[in-house]
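This briefing sets out selected side-chain features of one protein model, grouped by topic. Please read it alongside the sequence and coordinates shown here.

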Amino acid sequence: MRAPAPAYAANDGVIDAAMAALGDMIVDTLDAVGEVTLTIDRERLIEAMMTLRDTPGLEYQQLMEIAGVDYLDRAERFDVCYHLLSLTRNHRIRVRVTTDAEKPVPSVTGIWPVAGWLEREVYDMYGVLFDGNTDLRRILTDYGFRGHPQRKDFPLTGYVELRYSEEAKRVVYEPVKLAQDFRTFDFMSPWEGAEYILPGDEKAAPGAGLPEAKGAPTPLKADDIVKADAARAAAAPPPPTPKATENTTQSGAGKPHPDAGPKPGDPDVVKKPRAPRAKKAGPDNG
């Protein structure tokens, strides 16, 4: 069965052809996991890109993507990676340059106009500057966004947050306020018998020191629980009188005592005499 996507050409001879064409513009080369990476001198990037596009045997006509990478422990912490595609040779290659937050990278918009949007993404996410891009603005974050979110030293919560203010009738920016400070969070379980008032207990009514019910979590000892149960029983009101009657004297029906006569009949009820039952025929009655 054939593969659903076309197979790319092999990497054999690609690095040798690139080194022959670029010469000292190449700083380093790498062929790993089926991908060829060329590290180029940042100042000569434009010359190297035009050579890779126009040299026979290379002919990388299209710029497919520009990506950024942040290595925080390096002097030039940022990698700017260009992914090129050769349509005539059906082959891909990666070109890489290094920089920091101050040194700009030459813009390749004069070679591939699509690089304008791609360079703006790298600038927005990493803060890398591109010399020659006439429209270097943020493209993914808001206009008032502070910092660059893909940097390794950017906090996960950001610096500011925005919300709609009903008073100002517009969107306002405010410093980030976390609802829970995990640095002072107490991980002790109340079932272990905390020696302090748990959050919310200070709002309870007087006498809340007594346990709510048997088995409820409480810091009291066994003797204190027995005393608390006794105090609750003494303070409890007497049980209410049941509505149901317990004998016939309370309801006024039936016989109040053994010498009472039969219950008088109901004048509205007329009892009809029963008809005698017919005897079944058998050997004794013929």
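**Asn133 and its surroundings**

The side chains of Asn133 and Glu119 are joined by a polar contact of 2.9 Å. The model is predicted, and local features are reported for it only where pLDDT is at least 70.

- Asn133 lies in the loop that runs between strand E7 (130–131) and strand E8 (160–165).
- With a relative accessibility of 13%, Asn133 is classed as buried, because the cut-off for that class is under 20%.
- Besides its contact with Glu119, the Asn133 side chain reaches the backbone nitrogen of Asp135 at 3.0 Å.
- When residues up to four places away in sequence are not counted, Asn133 touches Ser107, Thr109, Gly116 and Glu119.

**Nonpolar core**

- The largest nonpolar core contains 35 residues, and Met49, Leu63, Tyr82 and Leu84 are those with the most contacts inside it.
- At least two residues of this core come from each of helix H1 (14–22), strand E2 (35–40), helix H2 (45–54), strand E3 (62–70), strand E4 (78–86), strand E5 (91–99) and helix H3 (115–126).
- H3 provides the largest share of this core, 5 residues.
- In soluble globular proteins, nonpolar side chains tend to be buried together.
- Leaving aside neighbours within four places in sequence, Leu84 is in contact with Met49, Leu52, Tyr60, Gln62, Leu63, His91, Arg92, Ile93, Val95 and Trp112.

**Aromatic rings**

- The count of aromatic pairs comes to 3.
- One of these pairs is Phe145 with Phe154, which is stacked, with 6.0 Å centre to centre and 25° between the planes.
- The rings of Phe154 and Tyr159 have centres 5.4 Å apart and planes at 85°, so this pair is edge-to-face; the cut-off for that class is over 60 degrees.
- Phe145, Phe154 and Tyr159 together form one aromatic cluster.
- Arg146 places its charged end over the ring of Tyr159, 4.3 Å from the ring centre.

**Salt bridges**

- The whole structure holds 16 salt bridges.
- Side chains of opposite charge can pair when their charged atoms come close.
- Asp24 and Arg44 meet through their side chains in a salt bridge of 2.9 Å, N to O.
- This pair links distant parts of the chain, 20 residues apart: Asp24 is in the loop between H1 and strand E1 (26–32), and Arg44 is in the loop between E2 and H2.
- Asp24 is exposed at 60% relative accessibility, while Arg44 is partly exposed at 27%.
- Arg44 also forms a salt bridge with Glu47, with the closest N and O atoms 3.5 Å apart; Glu47 is partly exposed, with a relative accessible area of 42%.
- Through shared partners, salt bridges join Asp24, Arg44 and Glu47 into one network.
- Glu43 and Arg42 form a salt bridge with their closest N and O atoms 3.7 Å apart; Glu43 is exposed at 59%, whereas Arg42 is buried at 12%.

Notes
Residues numbered from 1 in each chain as written. Predicted model: local features only at pLDDT ≥ 70, side-chain atom pairs only at ≥ 80, totals over all residues. Heavy atoms only, no water. Phe/Tyr/Trp six-rings, centres within 6.5 Å; stacked < 30°, edge-to-face > 60°. Lys NZ or Arg CZ within 6 Å of the ring centre and 35° of its normal. Helix = DSSP H or I, 4+ residues; strand = E, 2+ residues; numbered from the N terminus. Buried < 20%, exposed > 50% of the residue type's maximum accessible area, 1.4 Å probe, protein only. Polar contact = N/O pair within 3.5 Å; in protein donor to acceptor, adjacent residues only side chain to side chain. Contact = heavy atoms within 4.5 Å. Core = buried A, V, L, I, M, F, W, Y, C linked by side-chain atoms within 4.5 Å. Salt bridge = Lys/Arg side-chain N within 4 Å of Asp/Glu carboxyl O.
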